[in-house]
Amino acid sequence: DAEKAQYKARIKQLLIDQNAVLVAHYYTDPEIQALAEETGGCVSDSLEMARFGRDHPAKTLIVAGVKFMGETAKILSPEKTILMPTLDATCSLDLGCPIEQFNEFCDAHPDHTVVVYANTSAAVKARADWVVTSSIALEIVEHLDSQDKKIIWAPDRHLGSYINTQTGADMLLWQGECIVHDEFQAKALRELKKLHPGAAILVHPESPASVVELADAVGSTSQLIKAAQTMANDTFIVATDRGIFYKMQQAAPGKTLLEAPTGGNGATCKSCAHCPWMAMNGLQAIEASLVDSDKTNHEIFVDDELRIKALIPLSRMLDFAK
Ligand code: 13P
Ligand code: SF4
């Protein structure tokens, strides 16, 4: 509508004036993803967001995603100004892994290699030997397992147990979860599949094992988009945040994409296949991050000591992923 068009036009101009670029995750709302594309920014998974932000010449990055993505950008590019539509956009995995308890866990198992998911605070990353995202986690754990390393894995227990099943690696799992993916239901999914027998089931590995077991393809957001594009089926049942449908439909035009069922209806489930924190990245908040003179609720800062420590496991991942 007209108001949205005005926001978009103002944001486009502000990005140019402030030498800023918009970096958005696949789980943000379609209009935010479209705006990132139209303005020469990027729409991608968390690994690619990190790489794009690091390599882009802009002075300022507007990170439309959740806080750990902004922190990752700052760790990789301390010379850039990193702004977020709101610093209240967090993640249940990050919240569920406080540094004090994580330190105790690591201290209790000093002979273990510490592997943490990107969905963690800068402090947790600073404690890790490796940072991984879902698109590279399996390969990195395979690599560590081939060297007979014992592994501490944090914080997502579902992703951890999926990787454990795939690799047979010796892994101690932190018991965190993503409130969005944890809601997908195997029983209802089996019923939906009966109605669409020709459909392929695509599952993000933050989902429970009972859901992953039903999958025809398991992978990160970018890997699931690729699967919809390349698999011959013309219908897909997708167990991940519904924000992904925007890009998935572009990549697989003409194919039918169905949401995998979640635990409840709008009244009872916590997230219903859309991350409440990703949803905070609206047009108004993006504009505010560019125009507010007080950046308290927008600008990401990472303590220097933590930043330097966290850069080591993050760079290890990026070098491995090359
Ligand atoms: P990926 O985009 O790396 O698959 O991450 C999923 C996610 O939950 C990010 O919040
Ligand atoms: Fe965190 Fe899940 Fe939201 Fe991703 S979708 S930011 S893992 S709560």
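Two residues are in contact when their C-beta atoms, placed from the backbone, lie within 7 Å. The legends below describe a predicted model.

**Figure 1**
Ala-154 sits in strand 7, residues 151-154. Setting aside neighbours within four places in sequence, Ala-154 is in contact with Cys-97, Phe-102, Val-116, Tyr-117, Trp-174 and Gly-176. Ala-154 counts as buried because 26 other C-beta atoms lie within 10 Å. Val-115 is 39 residues away along the chain, and its C-alpha atom is 6.6 Å from that of Ala-154.

The bond from Ala-154 to Pro-155 is cis, with omega near -10°. Most peptide bonds are trans. Pro-155 belongs to the loop between strand 7 and helix 9 (157-167).

**Figure 1**
An unreviewed UniProt entry carries a "binding site" annotation for His-25, Ser-46, Tyr-117, Ala-118, Asn-119, Ser-134, His-204, Pro-205, Glu-206 and Thr-221.

Ser-134 is in the loop between strand 6 (130-132) and helix 8 (137-146). Ser-134 has 27 C-beta neighbours inside 10 Å, so it counts as buried. Beyond four places in sequence, Ser-134 touches Leu-159, His-204, Pro-205 and Ser-220. Glu-206 is in the loop between strand 9 (200-203) and helix 11 (209-212). Glu-206 is also buried, because 28 other C-beta atoms lie within 10 Å. With neighbours within four places left aside, the contacts of Glu-206 are Asp-156, His-158, Leu-159, Cys-178 and His-181.

**Figure 2. Ligand 2 and three annotated cysteines.**
Around ligand 2 there are 14 residues, and the closest are Val-66, Cys-91, Cys-178, Val-180 and Cys-275. The shell has 10 nonpolar, two polar and two charged residues. The unreviewed UniProt entry places a "binding site" feature at Cys-91, Cys-178 and Cys-275.

Cys-91 is found in the loop between strand 4 (81-83) and helix 5 (92-95). Cys-91 is buried, because it has 26 C-beta neighbours inside 10 Å. Not counting residues up to four places away, Cys-91 touches Val-66, Phe-68, Asn-119 and Trp-277. Cys-275 is in the loop between strand 12 (256-259) and helix 14 (283-291). Cys-275 is buried, because 25 other C-beta atoms lie within 10 Å. Its contacts, leaving aside neighbours within four places, are Tyr-27, Val-180 and Asp-241.

**Figure 3. Helix 3 against helix 4.**
The axes of helix 3 (residues 46-55) and helix 4 (residues 67-76) come within 9 Å and cross at roughly 40°. The crossing is right-handed. Helix 3 contributes Ser-46, Met-49, Ala-50, Gly-53 and Arg-54 to the contact, and helix 4 contributes Met-69, Thr-72, Ala-73 and Leu-76. These residues divide into five nonpolar, three polar and one charged.

**Figure 4. Gly-41 in its loop.**
Gly-41 is in the loop between helix 2 (30-38) and strand 2 (42-44). Gly-41 counts as buried because it has 25 C-beta neighbours inside 10 Å. Outside four places in sequence, Gly-41 is in contact with Val-21, Leu-22, Val-23, Ala-24 and Ala-36. Val-114 is 73 residues away along the chain, and the two C-alpha atoms are separated by 33 Å.

**Figure 5. Positive phi at Asn-19 and Ala-273.**
Most residues other than glycine have a negative phi. Asn-19 is not a glycine, yet its phi is positive, about 50°. Asn-19 is in the loop between helix 1 (2-17) and strand 1 (20-25). With 11 other C-beta atoms within 10 Å, Asn-19 is exposed. Ala-273 has a positive phi of about 60° and is likewise not a glycine. Ala-273 is in the loop between strand 12 and helix 14. Ala-273 counts as buried, with 22 C-beta neighbours inside 10 Å.

Definitions and conventions:
Residues numbered from 1 in each chain as written. Chains lettered and ligands numbered in written order. Predicted model: local features only at pLDDT ≥ 70, side-chain atom pairs only at ≥ 80, totals over all residues. UniProt positions renumbered as here; feature names shortened; annotations may be inferred. Helix = DSSP H or I, 4+ residues; strand = E, 2+ residues; numbered from the N terminus. Buried ≥ 20, exposed ≤ 12 C-beta atoms within 10 Å, placed from the backbone. Axes fitted to C-alpha atoms, helices over the stretch in contact; angles between N-to-C directions. Left-handed = near helix turned anticlockwise from the far one by under 90°. Nonpolar A, V, L, I, M, F, W, Y, C, P; charged D, E, K, R; others polar. Near = placed C-beta within 6 Å.
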